[in-house]
Amino acid sequence: MQTVELAILNWIQANCRCPLLDVLMPAVSLICNHGEIWILAAAGLLLFKKTRSAGVTVALALGMHLLICNGLLKPLIGRIRPCDVNTAVQLLIAHPADASFPSGHASASFAAVSAMKASGCRLWRAAFVLAVLISFSRLYLYVHWPSDILGGAVLGIALGFASRRAILYFQARRGRLAGR
């Protein structure tokens with residue numbers, strides 16, 4: 001499997017690398033280094049009554065992502081990064097200090113997107129495009145395996161929809177308790 005994933009990463013390096021993307025991809029990756037873009041999105045959604053529920057859902061999904069992806073799975077799995085396997089590739093960003101699987105960038109991005117979608121927020125489509133771009137940037141930068149991105153995306157999608165379910169559950173429970 002690692003051979004196939006290295007072939008994919010090396011194909012990206014051979015066929016997609018160019019001066020423009022060498023500038024853009026680090027910037028795209030940077031906006032999500034600590035989930036900043038998605039935290040700002042949640043904060044923006046929280047500002048308006050019409051989108052407040054979506055904002056709460058995104059914030060909860062990001063909190064769940066932080067605990068499960070970065071707090072539990074990355075340290076538990078401890079997967080080596082592709083840039084540590086193929087050291088011939090010149091990194092365009094600082095070498096990440098944590099483990100590779102699952103991709104935190106992909107997990108946070110898709111958690112936010114699916115939380116928006118599950119909440120009925122129309123911004124989910126634009127967020128999806130950004131999530132795909134952020135995820136691709138991690139492959140372009142040679143710091144994640146394709147399966148890290150896939151695993152992060154699947155985890156993020158599950159967390160986004162789970163956060164919406166949790167909020168609906170607690171709203172219903174609060175409503176039942178208030179009715180007593």
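## Ground rules

Since the model is predicted, local features need pLDDT of at least 70 and side-chain atom pairs count only at pLDDT 80 or more, while totals for chains, interfaces and linings use all residues. Residues are numbered from 1 along each chain as its sequence is written, and side-chain values use heavy atoms, with hydrogens and water left out.

## The nonpolar core

Let's start inside. The largest nonpolar core has 40 residues, and those touching the most other members are Trp 38, Leu 45, Val 58, Met 116, Tyr 140 and Tyr 142. (A nonpolar core is a set of buried Ala, Val, Leu, Ile, Met, Phe, Trp, Tyr and Cys residues joined through side-chain atoms within 4.5 Å; buried means under 20% relative accessible area, exposed over 50%, and partly exposed in between, with a 1.4 Å probe and protein chains only.) Two or more residues each come from α1 (2-15), α2 (19-30), α3 (36-46), α4 (52-77), α6 (104-118), α7 (124-140) and α8 (146-178). The top contributor is α6, with eight residues. Helices here are DSSP runs (H or I, at least four residues), numbered from the N terminus along with strands (E, at least two).

Tyr 140 is worth a click in the viewer. Setting aside neighbours within four places in sequence, Tyr 140 is in contact (heavy atoms within 4.5 Å) with Ile 12, Gln 13, Cys 16, Arg 17, Cys 18, Leu 21, Asp 22, Met 25 and Leu 92.

## Helix α3

Trp 38, Ala 42 and Leu 45 are buried in α3. They sit on the same side of the helix because they cover an arc of only 65° around the axis, an arc taken over the directions from the helix axis to the C-beta atoms. The partners that the buried residues of α3 pack against are α4, α6 and α7.

The largest pocket comes in at about 490 Å³. A pocket is an open set of points on a 1 Å grid over the protein atoms alone, where a 1.4 Å probe fits, with protein on both sides within 12 Å along at least five of seven lines; lining residues have an atom within 4 Å of a point. Points are joined across faces, edges and corners, and the volume is the space filled by probe spheres set on them. Of 24 lining residues, Cys 32, Asn 33, His 34, Asn 70 and His 105 are the closest to the centre. At least two lining residues come from each of α2, α4 and α6, and α4 has the largest share with five.

The second largest pocket holds about 190 Å³. Its lining includes Lys 50, Thr 51, Ser 119, Gly 120, Arg 122 and Arg 164.

Leu 141 is in the loop between α7 and α8, and counts as buried because its relative accessibility is 2%. Beyond neighbours within four places in sequence, Leu 141 is in contact with Met 25, Pro 26, Ser 29, Leu 91, Leu 92 and Ile 93. Leu 91 is itself a loop residue, between α5 (82-85) and α6, and at 23% relative accessibility counts as partly exposed. Leu 91 and Asp 22 are 69 residues apart in sequence, yet 9.9 Å apart in space, C-alpha to C-alpha.

Over in helix α8 there's Ser 163, buried with a relative accessible area of 0%. Not counting residues up to four places away in sequence, Ser 163 touches Thr 57, Leu 60, Ala 61, Met 64 and Ala 115.
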